[in-house]
Amino acid sequence: MPEPHQSPFIRAALPDDEEELSLLDRATWSLLHEVVPKQQPPYRPFFDERHAADDCLVAELGRRIVGYIRLGFPTPLAANAHVRQIQGLAVADEARGRGVGRALVRGAVEEARRRGARRITLRVLGHNTPARGLYESEGFVVEGVLPGEFFLGGEYVDDVLMGRGL
């Protein structure tokens, strides 16, 4: 692993990152942030019709991918095309606490702005306190809550809608 003080390098994902991102996605699966069951073989591709490589940023430490963030449109409607949505964020366990998540969120905000968006939104599970704290510290505010929207691990969990202007 790289030196603890090293900052993550954020870059656009490439189609060749598919395998490494798939492994990272499976390794970081948790009911803290996932509403779908843990994947089992055969694994679905990381990049698909909903999630292209062009819509993903990766974080590298020491030339190794240690995180990613996905950007997409919240709806296919033209009237909503000025909004981008964070549709996935993951950081490898060994890279937590090193600014990777923050760098990815900032990269996504800049990328959304570069693509002409006026707003950026996301959905986060109510019990995911670390993610909520990160988003709030980066200017996102709670814009709505869907109480008990998901039943995960034997309990009902809120779906929290957050957003910010660009």
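Visitor: Which element gives the largest share of the lining of the largest pocket?
Guide: The largest share comes from E4, with seven residues. This is a predicted model, in which local features need pLDDT of at least 70 and side-chain atom pairs count only at pLDDT 80 or more, while totals for chains, interfaces and linings use all residues. Residues are numbered from 1 along each chain as its sequence is written, and side-chain values use heavy atoms, leaving out hydrogens and water.

Visitor: What makes a space a pocket, and a residue part of its lining?
Guide: On a 1 Å grid over the protein atoms alone, a pocket is an open set of points where a 1.4 Å probe fits, with protein on both sides within 12 Å along at least five of seven lines, and a lining residue has an atom within 4 Å of a point. Here 45 residues line the largest pocket, and His33, Glu34, Gln87, Gly88 and Leu89 lie nearest its centre. Among the elements that give two or more residues to this lining are strand E4 (83-91) and helix H2 (100-114), where helices (H or I, at least four residues) and strands (E, at least two) are DSSP runs numbered from the N terminus.

Visitor: What makes Phe46 and Tyr68 an aromatic pair, and of which kind?
Guide: Rings of Phe, Tyr and Trp (its six-membered ring) pair if their centres lie within 6.5 Å, and planes under 30 degrees apart count as stacked, over 60 as edge-to-face and the rest as tilted. With 4.9 Å centre to centre and 85° between the planes, Phe46 and Tyr68 form an edge-to-face pair. Because Phe46 lies in the loop between H1 and strand E2 (56-61) and Tyr68 in strand E3, the pair ties together parts 22 residues apart in sequence.

Visitor: How do you know that the charged end of Arg70 sits over the ring of Phe46?
Guide: A charge sits over a ring if NZ of Lys or CZ of Arg is within 6 Å of the ring centre and within 35 degrees of the ring normal. The charged end of Arg70 is 3.8 Å from the centre of the Phe46 ring and sits over it, and that of Arg26 sits over the ring of Tyr43, 3.6 Å from its centre.
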